[in-house]
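Biologist: Could you walk me through the ligand site in this one?
Modeller: Gladly, let me put the sequence and the model up.

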Amino acid sequence: MCDGYTATLRPATDDDIETLVKWDCDPELAWLMGYERRSPEESRARMSRLMGDRNSVVMCIVGPGEQVVGDIVLTEIAWRSGQAELTVRIGDRGNWGKGLGQQAVRQMLDHAFNRLGLSRVYLRVCADNLRAIKCYLKCGFRREGAIKRTLVEGQEMRTVVLMTVESCEVESTVIAS
Ligand SMILES: CC(C)(COP(=O)(O)OP(=O)(O)OC[C@H]1O[C@@H](n2cnc3c(N)ncnc32)[C@H](O)[C@@H]1OP(=O)(O)O)[C@@H](O)C(=O)NCCC(=O)NCCS
């Protein structure tokens, strides 16, 4: 982790939507995250829907200088079975690889397990996204499987890795690192 690069989380508000929309429309981020680049209108509608959805949690990642540097989201929260899907992104390339992602993921896992009472968090990541995979492994996720599939119509197939972490696994991982 780089000195001084500390991340905290806070709930996203309507004032953050344009920042998140800008990242949603970024082709490199879309490629890394394995989705089709969204139009600003699609992105705005999606963000508003997620922020109002009781089965989702949308947090901003606040980095150096109190700047919003990324977002981290739990979706598909299944309250009875205690599971949810995680996605995370640091929007500006200059902030990649400095430990902000790991801090954000650990804090969101703490929120998921210790505040929301969930027991299992999973995610999907493209196999060629090595920075993301390393970040997730260091936060306690383990690989459960992989599938090769078309993510965006008209583009080549890509291998998608499924990773999971359970609440009982995370405490020791977080404390140990
Ligand atoms: C994925 C992401 C959230 C990770 O956050 P981050 O702050 O960049 O990552 P961190 O610095 O916390 O951890 C990354 C680790 O991978 C290492 N790393 C950096 N670049 C790497 C590369 N090209 N290959 C392998 N490892 C790499 C870092 O050194 C670090 O390991 P370390 O702690 O042992 O030094 C961020 O890079 C991002 O938002 N990327 C674009 C969007 C994206 O890919 N989202 C994930 C979709 S599943």
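Biologist: Which residues come nearest the ligand?
Modeller: Ile90, Gly97, Gly99, Gly101 and Asn129 come nearest, out of 23 residues around the ligand, where a residue counts if one of its heavy atoms lies within 4 Å. Bear in mind that this is a predicted model, in which local features need pLDDT of at least 70, side-chain atom pairs count only at pLDDT 80 or more, and totals for chains, interfaces and linings use all residues. Numbering runs from 1 along each chain as its sequence is written, and side-chain values use heavy atoms, with hydrogens and water left out.

Biologist: What lies 2.7 Å from an oxygen atom of the ligand?
Modeller: A backbone N or O atom of Gly97 does, as does a backbone N or O atom of Gly101, and a side-chain N or O atom of Asn129 is 2.7 Å from a ligand oxygen too; a polar contact here is a pair of N or O atoms within 3.5 Å.

Biologist: And how are the residues of that shell divided by type?
Modeller: The shell has 12 nonpolar, 5 polar and 6 charged residues, with Gly counted as polar and Tyr, Cys and Pro among the nonpolar ones.

Biologist: Which helix gives the largest share of the shell?
Modeller: That is α5, with 7 residues, and α5 spans 130-138; helices are DSSP runs of H or I with at least four residues.

Conventions
Polar contact = N/O pair within 3.5 Å; in protein donor to acceptor, adjacent residues only side chain to side chain. Helix = DSSP H or I, 4+ residues; strand = E, 2+ residues; numbered from the N terminus.
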